[in-house]
Amino acid sequence: MISFLPHLCLILVVGSNMTKAVVSNHCSLKSNYTMPARNTGTLLKSLRELMRNNQYFNETLAAYVIPSSDAHQSEYLADQDKRREFISGFTGSAGTAVVTENEALLWTDARYHVQAEQELDNNWTLMKSGLPSTPTLEDWLSKNISPGHHVGFDPWLHSYNEWNLIKTKLESNKIFFSAVSTNLVDKIWTNKPSQSGAVTPHPLKFTGKTSAEKVKEVREKLEEKKASVLVLTQLDEIAYLFNLRGCDISYNPVFFSYAIISLDKVLLFIDEAKVTEQIVKHFAEEKLSVEIHPYDKIYSFLSDIVSSLNDTKIWISQALSNYALNNLVPEKSKISTITPVQVMKAKKNPVEVNGLINAHIKDAAALCCYFDWLEKELKKGNKVTEISGATKLEEFRREHEDFVDLSFSTISSSGPHGAIIHYSPTPETDRPITTEELYLCDSGAQFRDGTTDVTRTLHFGKPTDYEKECFTRVFKGQTFLGTTSFPVKLKGNSLDVLARKFLWDVGLDYLHGTGHGIGSFLNVHEGPISIHFKVYPEAIDLEEGNFLSNEPGYYEDGKFGIRLENIVQVVPANETKYKFKKDFLKFDTVTLVPIQTKMLVPEMLTQQEVSFLNEYHSVCREKVGALLKKMNHQSALEWLYRETEPFVLSH
């Protein structure tokens, strides 16, 4: 058992082997690093040589797996962790590469199929995950690697559950899934970046709870589970728990760290240079006793804890933490469900709720300014491109109080680029926004009081009847989901079909999920809540205080893309006519950006849908209009009023 700390303190423990990252006092959420030009054929040749003559593993590797991950299972990566991008040239945030002696394959989901086809060179084969004809990674390995051979992986870059899924399949075919002590991509990545940013306190006026209060809640959950220790590996849950924010990953205000919480101690594993006097003062003000240890000592500390605990339990999530740490804890001593911090973080407290609502009003004002400006520029015949448009939108966002940075790279996509679901314009792909094509703009911001994410699709000329039909079906699905009441104790996957119904009616669909959780000045994609056709074992029931997206879409490769995205808040549905043995919930929409009504086909709409739209636009006028007036954005205010004129059915 770890000994008790009787008084408030912060102990800095510095080891001789501590990683010495370069820490910048400036904390921008955007990276300036550019991946160097490279020949993937040359890189693959070097990697295969290491696989054949691997001094870090005593057997030849028949295949090597390179995931899109870091040691914390982050969705978005710091530059130094973009190993899959480095080896393959594919820049999307999701995907797994497999390299064998003769083949190089990349698995990625439908969000990136078009993008990957454009970015991969002829050394690579694209495996389109989600299509019936595409085998899973583990199935492909089982059929293409001979029994008795080894498939190598980095144990820090796979969650325990991912590792177990692949291992089980390979072992059934007598193939070994073998941990390799050193990452092989790192050995061929010359001039690999290594930069680390500052950590700053996130004040109580934004968090609503002190870190000491949050740790107290965690300890109550530990006692309920009869566990002695909780291990935290995900960066956003550590930032949330300690009321700290960083800038180690672009667009995500997090910092590299691990944490261990026991019934009498709090251990934070972090680069010593990040622990400034400001951080020491922060912990003192929040009345939290914290021991600071070197970031790279987490493995040895956890190993020692495991060896010292006999009949007590250690809580470490198998879905959300890496195999290297998870494997230290014997199955009989492990609680493997998602951590209590994940659940706490998803249920926003009243201060966070008000902050997120306020952040979306500010964000809507910025978007109204942008769309007004863009429409006028196009009418004048002035050239606006995807990049120059995105830059202008960021300028409007920067006008608002507590703006920090964007929450992701703006998806400013015109015409066929809209079909690339996670498209991000580059100087090579930048094309004009015109009055002849649909324009899809998916963007968001990091405000200190909340994170935003909103998508609108507009046409500044005359859309085709088919584009309008598709847009209307997407709108109907978003409205159907957004106005549905549902019982408590329900997971989001049960609701996903509601957003697809009107597309399915005519044989259309979209291949991404419908909703993701969103952070409070944290990650724009936040688990463990979602609305998705897939069933995720770590998903939890939706409950009051959750915020997540409602974003159906439709995409035609090489032609156009349509997506409408609102952030919605889960609230009680007190107005239901009956109460059948349980309470009900519903969604309140907090995104307040007008829907372009000229894209709607009146004959396809019901009176209920029109009433919802008019009520929604009335709220946009009231709340966003007040801010635009205050900021003296008269032109944008006039645009908002035009776009929110009551919609009247003609049939």
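**Note on the predicted model of a 651-residue chain**

1. For the 651 residues of the chain, a compact globule would have a radius of gyration near 26 Å, and the chain agrees with this at 25 Å; the radius is taken over C-alpha atoms, and the globule rule is 2.2 Å times the number of residues to the power 0.38. Along the principal axes, the C-alpha atoms fill a box of roughly 75 × 60 × 50 Å.

2. On provenance, this is a predicted model, in which local features need pLDDT of at least 70 and side-chain atom pairs count only at pLDDT 80 or more, while totals for chains, interfaces and linings use all residues. Residues are numbered from 1 along each chain as its sequence is written, and side-chain values use heavy atoms, with hydrogens and water left out.

3. The chain has 19 helices and 31 strands, these being DSSP runs numbered from the N terminus, with helices as H or I of at least four residues and strands as E of at least two. Among contacts between residues at least 6 apart in sequence, 72% join residues at least 24 apart, where contact means heavy atoms within 4.5 Å.

4. Of the 651 residues, 58% count as buried, that is, under 20% relative accessible area, with exposed meaning over 50% and partly exposed in between (1.4 Å probe, protein chains only). The accessible surface of the chain comes to about 26700 Å², of which 51% belongs to carbon and sulfur atoms; the areas come from the Shrake-Rupley method with a 1.4 Å probe, and for residues only the protein chains shown count as cover.

5. The mean positions of the 70 positive and 82 negative charges are 2 Å apart. Lys and Arg count as positive and Asp and Glu as negative, whereas His and the chain ends are not counted; each charge is placed at NZ of Lys, CZ of Arg, CG of Asp or CD of Glu.

6. A search of the whole structure finds zero disulfides, a disulfide being a pair of cysteine sulfur atoms within 2.5 Å. For C368, the closest cysteine sulfur is that of C369, and at 7.1 Å it is too far for a bond. C620 is likewise in no disulfide, the nearest cysteine sulfur being that of C368, 7.3 Å away. C368 is buried at 0% relative accessibility, and C620 is buried at 0%.

7. Q73, in the loop between β3 and α2, has a positive phi near 55° and counts as buried at 14% relative accessibility. N243, in the loop between α9 (235-242) and β12 (244-245), has a phi near 55° and is buried at 0%.

8. The peptide bond from G527 to P528 is cis, with omega near 5°, and P528 is found in strand β26 (residues 526-531).

9. E75 is placed in the loop between β3 (61-67) and α2 (83-88) and is partly exposed at 27%. Leaving aside residues up to four places away in sequence, E75 touches S93, R111 and H525; E75 and N523, 448 residues apart in sequence, are 9.2 Å apart in space, C-alpha to C-alpha.

10. T479 lies in helix α16 (residues 465-482) and is buried, with a relative accessible area of 4%; beyond residues up to four places away in sequence, T479 touches E609 and F612. K489, by contrast, is exposed at 68%.
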